[in-house]
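This report covers the pockets, the cavity and the sheet of one protein. Please open the structure and follow along.

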Amino acid sequence: MIRVHHLETSRSTRLIWALEELGLDYELVAYQRHPETKRAPDSAKALHPLGRFPILEIDGKVIVESGAILTYLVDREGKLCAAVGAKEEYTYWMHYAEGSAMLPLLLKLVTSGVRTAKVPFFIKPITKAIAAKIDGTFTDGELTAHFGWIEEALEGRMYFAGDTFSAADIQMSYPIQASFARADMLPDRPNTKAWLDRVQSRPAFQRALKKGGEPIMTGTPT
Ligand SMILES: N[C@@H](CCC(=O)N[C@@H](CS)C(=O)NCC(=O)O)C(=O)O
(Lines give C-alpha, C1' and ligand atoms only; values in the text may rest on other atoms or scores of the structure.)
Protein backbone atom coordinates (compact mmCIF):
# COMPACT_ATOMS: atom_id res chain seq x y z
CA MET A 1 0.00 0.00 0.00
CA ILE A 2 1.25 3.46 -0.90
CA ARG A 3 -0.31 6.41 0.91
CA VAL A 4 0.46 10.04 0.11
CA HIS A 5 -0.20 12.66 2.77
CA HIS A 6 -0.83 15.80 0.77
CA LEU A 7 -1.16 19.38 1.99
CA GLU A 8 -3.16 21.66 -0.30
CA THR A 9 -1.15 24.25 -2.29
CA SER A 10 2.18 22.76 -1.40
CA ARG A 11 5.24 20.81 -2.44
CA SER A 12 3.34 17.57 -2.06
CA THR A 13 1.78 18.01 -5.52
CA ARG A 14 5.29 17.08 -6.68
CA LEU A 15 4.95 13.64 -5.09
CA ILE A 16 1.54 13.05 -6.66
CA TRP A 17 3.12 14.00 -9.99
CA ALA A 18 5.96 11.50 -9.50
CA LEU A 19 3.55 8.69 -8.63
CA GLU A 20 1.48 9.51 -11.71
CA GLU A 21 4.63 9.42 -13.87
CA LEU A 22 5.52 6.04 -12.35
CA GLY A 23 2.01 4.67 -12.86
CA LEU A 24 1.75 3.46 -9.26
CA ASP A 25 -1.51 3.01 -7.36
CA TYR A 26 -1.74 5.10 -4.22
CA GLU A 27 -4.17 6.45 -1.69
CA LEU A 28 -4.32 10.23 -1.29
CA VAL A 29 -4.95 11.72 2.15
CA ALA A 30 -5.59 15.46 1.80
CA TYR A 31 -5.00 18.11 4.47
CA GLN A 32 -6.13 21.75 4.45
CA ARG A 33 -4.11 24.76 5.55
CA HIS A 34 -5.35 26.92 8.40
CA PRO A 35 -7.43 29.65 6.70
CA GLU A 36 -5.53 32.50 8.38
CA THR A 37 -2.07 31.29 9.31
CA LYS A 38 -1.83 29.01 6.23
CA ARG A 39 0.03 26.50 8.41
CA ALA A 40 -0.52 22.74 8.19
CA PRO A 41 -2.75 21.00 10.74
CA ASP A 42 -0.97 19.39 13.68
CA SER A 43 -2.52 16.00 12.86
CA ALA A 44 0.40 15.17 10.54
CA LYS A 45 2.70 15.18 13.57
CA ALA A 46 1.25 11.77 14.42
CA LEU A 47 3.16 10.49 11.38
CA HIS A 48 6.37 12.52 11.79
CA PRO A 49 7.37 14.95 14.57
CA LEU A 50 7.83 17.87 12.13
CA GLY A 51 4.44 17.41 10.49
CA ARG A 52 5.68 18.83 7.19
CA PHE A 53 4.52 17.72 3.78
CA PRO A 54 4.87 15.61 1.71
CA ILE A 55 4.79 12.43 3.77
CA LEU A 56 4.86 9.06 2.05
CA GLU A 57 3.85 5.74 3.61
CA ILE A 58 5.34 2.93 1.57
CA ASP A 59 6.71 -0.59 2.11
CA GLY A 60 5.93 -0.32 5.85
CA LYS A 61 7.97 2.90 6.20
CA VAL A 62 7.18 6.57 6.66
CA ILE A 63 9.40 8.72 4.44
CA VAL A 64 9.64 12.52 4.55
CA GLU A 65 11.62 15.23 2.72
CA SER A 66 10.76 15.54 -0.98
CA GLY A 67 14.25 14.74 -2.26
CA ALA A 68 14.53 11.64 -0.09
CA ILE A 69 11.06 10.50 -1.13
CA LEU A 70 11.74 10.94 -4.85
CA THR A 71 15.11 9.18 -4.51
CA TYR A 72 13.39 6.25 -2.75
CA LEU A 73 10.81 5.96 -5.53
CA VAL A 74 13.40 6.27 -8.32
CA ASP A 75 15.58 3.56 -6.73
CA ARG A 76 12.58 1.32 -6.08
CA GLU A 77 11.10 1.60 -9.56
CA GLY A 78 14.25 2.13 -11.64
CA LYS A 79 12.49 4.93 -13.53
CA LEU A 80 12.78 8.75 -13.70
CA CYS A 81 16.51 8.36 -13.07
CA ALA A 82 19.39 10.31 -14.58
CA ALA A 83 20.13 9.90 -18.27
CA VAL A 84 23.40 8.14 -19.09
CA GLY A 85 26.29 10.52 -18.35
CA ALA A 86 24.11 12.95 -16.37
CA LYS A 87 24.27 11.43 -12.88
CA GLU A 88 26.18 14.35 -11.28
CA GLU A 89 23.84 16.95 -12.76
CA TYR A 90 20.87 14.90 -11.64
CA THR A 91 22.17 14.70 -8.06
CA TYR A 92 23.05 18.40 -8.06
CA TRP A 93 19.55 19.57 -9.06
CA MET A 94 17.87 17.05 -6.75
CA HIS A 95 19.68 18.73 -3.82
CA TYR A 96 19.79 22.29 -5.11
CA ALA A 97 15.99 22.65 -5.30
CA GLU A 98 15.38 22.43 -1.55
CA GLY A 99 18.92 23.14 -0.34
CA SER A 100 19.48 26.44 -2.18
CA ALA A 101 16.67 27.69 -4.41
CA MET A 102 13.92 27.58 -1.79
CA LEU A 103 15.61 29.82 0.80
CA PRO A 104 15.12 33.23 -0.90
CA LEU A 105 11.61 32.20 -1.99
CA LEU A 106 10.68 31.39 1.59
CA LEU A 107 12.12 34.68 2.74
CA LYS A 108 10.11 36.51 0.07
CA LEU A 109 6.97 34.84 1.40
CA VAL A 110 7.85 36.02 4.90
CA THR A 111 8.57 39.62 3.84
CA SER A 112 5.30 39.70 1.85
CA GLY A 113 3.54 38.54 5.01
CA VAL A 114 5.24 41.30 7.01
CA ARG A 115 4.16 43.90 4.43
CA THR A 116 0.52 42.83 4.55
CA ALA A 117 0.37 42.06 8.28
CA LYS A 118 -2.51 43.61 10.20
CA VAL A 119 -0.76 46.11 12.47
CA PRO A 120 -1.79 49.53 13.87
CA PHE A 121 -1.54 52.17 11.10
CA PHE A 122 1.34 54.02 12.79
CA ILE A 123 3.42 50.80 12.81
CA LYS A 124 2.76 50.06 9.11
CA PRO A 125 5.58 52.28 7.74
CA ILE A 126 8.00 50.50 10.08
CA THR A 127 6.97 46.97 9.08
CA LYS A 128 7.05 47.96 5.41
CA ALA A 129 10.51 49.49 5.82
CA ILE A 130 11.80 46.33 7.56
CA ALA A 131 10.45 44.12 4.74
CA ALA A 132 11.96 46.44 2.11
CA LYS A 133 15.32 46.42 3.89
CA ILE A 134 15.46 42.60 4.03
CA ASP A 135 14.42 42.27 0.38
CA GLY A 136 16.77 45.05 -0.72
CA THR A 137 19.82 43.78 1.12
CA PHE A 138 19.32 40.04 0.70
CA THR A 139 16.21 38.46 -0.82
CA ASP A 140 15.99 40.17 -4.20
CA GLY A 141 19.71 39.80 -4.91
CA GLU A 142 19.60 36.10 -4.01
CA LEU A 143 16.52 35.54 -6.17
CA THR A 144 18.21 37.28 -9.10
CA ALA A 145 21.36 35.18 -8.68
CA HIS A 146 19.62 31.82 -8.28
CA PHE A 147 16.96 32.19 -10.93
CA GLY A 148 19.50 33.78 -13.29
CA TRP A 149 21.68 30.70 -12.78
CA ILE A 150 18.74 28.38 -13.49
CA GLU A 151 17.92 30.36 -16.65
CA GLU A 152 21.55 30.01 -17.79
CA ALA A 153 21.67 26.28 -16.95
CA LEU A 154 18.60 25.64 -19.11
CA GLU A 155 20.08 27.36 -22.18
CA GLY A 156 19.83 24.91 -25.08
CA ARG A 157 18.51 22.12 -22.85
CA MET A 158 15.23 20.28 -22.66
CA TYR A 159 15.61 18.98 -19.10
CA PHE A 160 17.78 19.50 -16.02
CA ALA A 161 19.70 16.21 -16.24
CA GLY A 162 20.47 15.19 -19.79
CA ASP A 163 18.05 14.76 -22.67
CA THR A 164 15.36 12.94 -20.79
CA PHE A 165 12.80 13.97 -18.22
CA SER A 166 13.79 12.81 -14.73
CA ALA A 167 12.93 13.19 -11.05
CA ALA A 168 15.29 16.21 -11.04
CA ASP A 169 12.74 18.04 -13.22
CA ILE A 170 9.97 17.20 -10.77
CA GLN A 171 12.10 18.32 -7.82
CA MET A 172 13.02 21.61 -9.52
CA SER A 173 9.43 22.35 -10.50
CA TYR A 174 8.35 23.72 -7.13
CA PRO A 175 10.95 26.50 -6.72
CA ILE A 176 10.44 27.47 -10.35
CA GLN A 177 6.64 27.58 -10.06
CA ALA A 178 7.03 29.59 -6.84
CA SER A 179 9.48 32.00 -8.48
CA PHE A 180 6.97 32.89 -11.18
CA ALA A 181 4.31 33.42 -8.52
CA ARG A 182 6.36 35.31 -5.93
CA ALA A 183 9.39 36.96 -7.51
CA ASP A 184 7.87 39.48 -9.87
CA MET A 185 11.04 41.57 -9.71
CA LEU A 186 12.86 38.97 -11.84
CA PRO A 187 13.41 39.71 -15.55
CA ASP A 188 11.89 37.58 -18.33
CA ARG A 189 13.25 34.05 -18.25
CA PRO A 190 12.48 32.45 -21.65
CA ASN A 191 14.46 29.22 -21.09
CA THR A 192 12.88 28.64 -17.69
CA LYS A 193 9.40 29.46 -18.98
CA ALA A 194 9.81 27.08 -21.96
CA TRP A 195 11.01 24.31 -19.62
CA LEU A 196 8.07 24.91 -17.25
CA ASP A 197 5.54 24.83 -20.10
CA ARG A 198 7.16 21.63 -21.40
CA VAL A 199 7.06 19.72 -18.12
CA GLN A 200 3.67 21.06 -17.04
CA SER A 201 2.12 19.86 -20.30
CA ARG A 202 2.93 16.26 -19.37
CA PRO A 203 -0.25 14.21 -18.83
CA ALA A 204 1.04 13.01 -15.44
CA PHE A 205 1.39 16.61 -14.22
CA GLN A 206 -2.11 17.42 -15.44
CA ARG A 207 -3.48 14.41 -13.54
CA ALA A 208 -1.55 15.49 -10.43
CA LEU A 209 -3.10 18.97 -10.68
CA LYS A 210 -6.59 17.47 -10.90
CA LYS A 211 -5.99 15.25 -7.86
CA GLY A 212 -3.90 17.59 -5.70
CA GLY A 213 -4.74 21.10 -6.89
CA GLU A 214 -2.41 24.00 -7.62
CA PRO A 215 0.99 23.61 -5.90
CA ILE A 216 1.59 27.29 -5.17
CA MET A 217 -0.07 29.13 -2.32
CA THR A 218 -1.00 32.62 -3.46
CA GLY A 219 -2.25 34.25 -0.26
CA THR A 220 0.37 35.13 2.37
CA PRO A 221 -0.12 34.34 6.05
CA THR A 222 -2.12 37.03 7.82
N1 LIG B 1 12.34 20.47 2.50
C2 LIG B 1 11.08 19.88 2.87
C3 LIG B 1 10.10 21.01 3.15
C4 LIG B 1 8.82 20.51 3.76
C5 LIG B 1 7.85 21.67 3.97
O6 LIG B 1 8.19 22.70 4.54
N7 LIG B 1 6.62 21.49 3.53
C8 LIG B 1 5.61 22.53 3.65
C9 LIG B 1 4.65 22.42 2.48
S10 LIG B 1 5.12 23.33 1.08
C11 LIG B 1 4.78 22.31 4.87
O12 LIG B 1 4.52 21.20 5.26
N13 LIG B 1 4.33 23.40 5.48
C14 LIG B 1 3.41 23.34 6.57
C15 LIG B 1 3.65 24.37 7.60
O16 LIG B 1 4.60 25.14 7.46
O17 LIG B 1 2.87 24.42 8.53
C18 LIG B 1 10.60 18.97 1.74
O19 LIG B 1 10.98 19.23 0.60
O20 LIG B 1 9.87 18.01 1.98
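How many cavities of 30 Å³ or more does the structure hold? The answer is one. The model behind this report is predicted.

## The cavity

The largest cavity has a volume of about 40 Å³. Its lining consists of Ser10, Arg11, Thr13, Arg14, Trp17, Ser173, Tyr174, Gln177, Phe205 and Pro215. H1 and H5 are the elements that give two or more residues to this lining. By class, the lining has four nonpolar, four polar and two charged residues.

Why does the largest cavity lie between domain 1 (3-77) and domain 2 (87-202)? Both domains give residues to its lining, so the cavity lies between them.

## The largest pocket

Now turn to the open sites. The volume of the largest pocket is about 850 Å³. Its lining counts 31 residues. Arg11, Arg33, Arg39, Arg52 and Leu106 lie nearest the pocket centre. Arg11 also lines the largest cavity.

Which helix gives the largest share of this lining? H3 does, with seven residues. Helix H3 spans 87-116, and helix H5 spans 167-182. Each of these two helices supplies at least two residues of the lining. Domain 1 (3-77) and domain 2 (87-202) each contribute at least three residues to the largest pocket. By class, the lining of the largest pocket divides into 15 nonpolar, six polar and ten charged residues.

## The second largest pocket

The second largest pocket holds about 260 Å³ of space. It is lined by 15 residues. Closest to its centre are Gly67, Thr71, Tyr90, Met94 and His95.

H3 again gives the largest share, here six residues. Helix H2 (66-77) and H3 each supply at least two lining residues. At least three residues come from each of domain 1 (3-77) and domain 2 (87-202).

What is the strand order in the open sheet? Four strands form it, in the order S2-S1-S3-S4. The pairing is mixed. Strand S2 (27-31) and strand S4 (61-64) are the edge strands, and each pairs on one side only. From one strand to the next, the twist averages 20°.

Strands of a sheet pair through backbone hydrogen bonds, either parallel or antiparallel. Which way do S1 and S3 run? Strand S1 (residues 3-7) and strand S3 (residues 55-58) run antiparallel. Three bridges join these two strands. Arg3 has Glu57, in S3, as its bridge partner.

## Helix H1 on the sheet

Which strands does helix H1 lie across? H1 (residues 12-22) lies across S1, S2 and S3. The helix runs at about 145° to S1. H1 is also one of the elements giving two or more residues to the lining of the largest cavity.

## Recap

The largest pocket has about 850 Å³, the second largest pocket about 260 Å³, and the largest cavity about 40 Å³. H3 gives the largest share of the lining in the largest pocket and in the second largest pocket. Domain 1 (3-77) and domain 2 (87-202) both give residues to the largest pocket, to the second largest pocket and to the largest cavity.

Conventions:
Residues numbered from 1 in each chain as written. Predicted model: local features only at pLDDT ≥ 70, side-chain atom pairs only at ≥ 80, totals over all residues. Heavy atoms only, no water. 1 Å grid on protein atoms, 1.4 Å probe; cavity = no way out; pocket = protein on both sides within 12 Å on 5 of 7 lines; lining within 4 Å. Points joined across faces, edges and corners; volume = space filled by probe spheres on them. Nonpolar A, V, L, I, M, F, W, Y, C, P; charged D, E, K, R; others polar. Domains from an automatic or database assignment. Pairing = 2+ DSSP bridges. Axes fitted to C-alpha atoms, helices over the stretch in contact; angles between N-to-C directions. Contact = heavy atoms within 4.5 Å.
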